[in-house]
Amino acid sequence: MGKNNKGSKGSGDKAEGGKAKAGAQLINVRHILCEKHAKKEEALGKINDGVKFDEVARNYSEDKARAGGSLGWKAKGDLDPKFEEVAFALEPSSTSSPKIAEVKTEFGYHIIMVEGRK
């Protein structure tokens, strides 16, 4: 039971090898989805410049999660497997100081942050 390090493959630069609690079954997740790599890089630049994650999501995300990128509480198995692997490895953070990771799925390029875990 305890140590299940399934989560830090991909480009999860800041996911730190699954140091987040591996036992979480639910995450409160936000993302920014961009079809083009250049747009994702532009959004990433804004976050790195200190713009709040939810504000960047409202301006850059190309999906229906326009409410600051919020996808709400998601259980394991609810998300694209690549997205989920990266998201469940992230430590919770706030929109003003997000711990982020990136992943590419069939839907496009995602910038992901997690606000809470259960």
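Helices, counted from at least four residues, and strands, from at least two, are DSSP runs numbered from the N terminus. In this predicted model, helix H1 covers residues 37–48, and Lys-40 belongs to this helix.

The chain has a mean pLDDT of 85, with 80% of its residues at 70 or more. For residues 1–21, however, the pLDDT is below 50, although this stretch has 27 contacts in the model beyond near neighbours in sequence.

The strands may be considered next. An open sheet is formed by 4 strands, in the order S2-S1-S4-S3, with antiparallel pairing. Strand S2 (70–75) and strand S3 (100–105) each have a single partner strand and stand at the edges, so one side of each is left without a neighbour in the sheet. On average, neighbouring strands of this sheet are turned by 35° against each other, direction ignored.

One pairing can be followed in detail. Strand S1 (residues 26–34) runs antiparallel to S2, and 5 bridges join the two. Asn-28, for instance, has Trp-73 in S2 as its bridge partner. Helix H2 (residues 53–60) packs on the sheet and touches S1, S3 and S4. The direction of H2 makes about 45° with that of S1.

Helix H1 lies across S1, S3 and strand S4 (108–117), and runs at about 35° to S4. Leaving aside neighbours within four places in sequence, Lys-40 is in contact with Cys-34, Glu-102, Tyr-109 and Ile-111.

Notes: Residues numbered from 1 in each chain as written. Predicted model: local features only at pLDDT ≥ 70, side-chain atom pairs only at ≥ 80, totals over all residues. Heavy atoms only, no water. Contact = heavy atoms within 4.5 Å. pLDDT = per-residue confidence, 0-100. Pairing = 2+ DSSP bridges. Axes fitted to C-alpha atoms, helices over the stretch in contact; angles between N-to-C directions.
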